[in-house]
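Work through the exercises below with the model open beside you. Try each task before reading its solution.

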Amino acid sequence: MDKIKLATVWLGGCSGCHMSFLDLDEWLIDLAAQVDVVYSPIADIKEYPEGVDVVLVEGAIANEEHLELIHKIRKRTKTIISFGDCAVTGNVTAMRNPTGNADVSLQLAYIEGADVNQQIPHSPGIVPPLIDKVVPVHYIVPVDIYLPGCPPSAPRIRAALEPLLKGELPVMEGREMIKF
Ligand code: SF4
């Protein structure tokens, strides 16, 4: 039987959700036996491939690169999991939204709020332009499963993934599974 093609993606987030994924500890060995990791910040793969079965998407949509990638992910993936509060609600990443737009956010962060080196980063082709408002993943593309938490705990990540590996939908039950 073909292995499940699993991807993990890091958009506008702090990587804490991926750290929680790594907290799965020895279950990662069981997981590795059942999946092919086809794209992830913990794997050196440059292009998001076709035919992905399940992807964990960490982070909100905050820049042009995220926008382009999330559309590609939707086209190429069966099941998208919004992975963590930034992906589900915008959370910390969206805290710049009250400034109004990307230019004001950059001005506040790099000029008015900076003690030294007051300079807005400008590296066309290297640093992707910010979009004006940070938005959760489902504002841009349909999402199949929501896994909130900042970050979701390792047991909750496992509870979401284990049924998917068997072709079933996860059901979160019990205090530990719905508390975050
Ligand atoms: Fe970091 Fe929390 Fe956002 Fe995950 S949900 S990327 S842990 S801030």
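**Exercise 1: Cysteines and accessibility**

C150 is exposed, at a relative accessible area of 56%. The model is predicted: local features need pLDDT of at least 70, side-chain atom pairs count only at pLDDT 80 or more, and totals for chains, interfaces and linings use all residues. Residues are numbered from 1 along each chain as its sequence is written, and side-chain values use heavy atoms, with hydrogens and water left out.

Task: classify C14 as buried or exposed, then state how many disulfides the whole structure holds.

Step 1. Buried means under 20% relative accessible area, exposed means over 50%, and partly exposed is in between (1.4 Å probe, protein chains only).
Step 2. Apply them. C14 has 65% relative accessibility, so C14 counts as exposed.
Step 3. Search for disulfides, that is, pairs of cysteine sulfur atoms within 2.5 Å. The search of the whole structure returns zero.

**Exercise 2: The fold as a whole**

Task: find the order of helices and strands along the chain, and decide why the chain counts as compact.

Step 1. Count elements. There are seven helices and seven strands. Helices (H or I, at least four residues) and strands (E, at least two) are DSSP runs, numbered from the N terminus.
Step 2. Read the order: β-α-α-β-β-β-α-β-α-α-β-β-α-α.
Step 3. Compare sizes. The radius of gyration is 17 Å, close to the 16 Å from the globule rule for 180 residues, so the chain is as compact as a globular protein of that length. The radius is taken over C-alpha atoms, and the rule is 2.2 Å times the number of residues to the power 0.38.
Step 4. Along the principal axes, the C-alpha atoms fill roughly 55 × 35 × 30 Å.
Step 5. Check burial. Of the 180 residues, 44% count as buried.

**Exercise 3: Two positions**

Step 1. With 61% relative accessibility, V171 counts as exposed.
Step 2. Take the distances. K72 and P152 are 80 residues apart in sequence and 25 Å apart, C-alpha to C-alpha. V171 and S82 are 89 residues apart along the chain, with 15 Å between their C-alpha atoms.
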